[in-house]
Amino acid sequence: MSEFDTHIRKAASQEQDATSPQTLKDQIADAGADVRQRTGDALQASTDVARDKFKEAADAAGDVVEGASERLQDKAEEQQRSGADFVSRLSGNIRDAARAFESDAPFAARGINSAADYVEDAAEKVRNGTFRDLVDGASDFAKRQPAAFLGLSVLAGFAAVRFLKASGSQTSSSQGEDVT
């Protein structure tokens, strides 16, 4: 036998040993364990990255909501102050109306002054309180003094119409000035 034949037989013998059922089984088990380990590591890394990204997104969303909430609250407070100022001016107008009735109808003047007091209180509640406080106060006033509440409602309606007409004519006149 030549050296070449001996070498081939030796290699074939080693190949048979390497492919023996036990060795192949061990190799497959080792490969499976390696795949499981790598899969577990990849899954853990993906979970960590996803958790970090979710936390970043939640923090960003919280910042956006907080900013929007602050802007809405500021806008609501501005509108609240503006409404309180309007209601306060309305109470002054109601008091002026009461003065006009003092000599001819003192009973009506007292009722109108009472309504003006209520409107003034409402202005303070609007300025310093909550919307719910205002609604509760209006309900209580309407139950205690339905005639005054009705009269106040009519006066408020007239004031609103007058305000809208005045605003409309100012807009029309300013548009007319722009055309010329």
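## Basis of the model

Helices (H or I, at least four residues) and strands (E, at least two) are DSSP runs, numbered from the N terminus. Glu124 and Arg127 both lie in one such run, helix α3, three residues apart, about one turn of the helix.

This is a predicted model, in which local features need pLDDT of at least 70 and side-chain atom pairs count only at pLDDT 80 or more, while totals for chains, interfaces and linings use all residues. Residues are numbered from 1 along each chain as its sequence is written, and side-chain values use heavy atoms, with hydrogens and water left out.

## Salt bridges

Side chains of opposite charge can pair when their charged atoms come close. A salt bridge is counted here when a side-chain nitrogen of Lys or Arg is within 4 Å of a carboxyl oxygen of Asp or Glu. The search of the whole structure returns 10 salt bridges.

One of them joins Glu56 and Lys53, with an N to O distance of 3.9 Å. Both residues belong to helix α2 (residues 21-101) and are three residues apart, about one turn of the helix. For accessibility, buried means under 20% relative accessible area, exposed over 50%, and partly exposed in between (1.4 Å probe, protein chains only). Glu56 is partly exposed at 49%, and Lys53 is exposed at 52%.

Arg127 forms a salt bridge with Asp85, and the closest N and O atoms are 2.8 Å apart. Arg127 is in helix α3 (residues 106-128) and Asp85 is in helix α2, so this pair ties together parts that are 42 residues apart in sequence. Arg127 is partly exposed, at 30% relative accessibility; Asp85 is also partly exposed, at 36%.

Glu124 has a relative accessibility of 39% and counts as partly exposed. Through shared partners, salt bridges join Asp85, Glu124 and Arg127 into one network.

Ile94 is another residue of helix α2. Its relative accessible area is 3%, which classes Ile94 as buried.

Leaving aside residues up to four places away in sequence, Ile94 touches Ile112, Ala116, Val119, Leu152 and Leu155, where contact means heavy atoms within 4.5 Å. For Ile94 and Ala116, the C-alpha to C-alpha distance is 5.6 Å, at a sequence separation of 22 residues.
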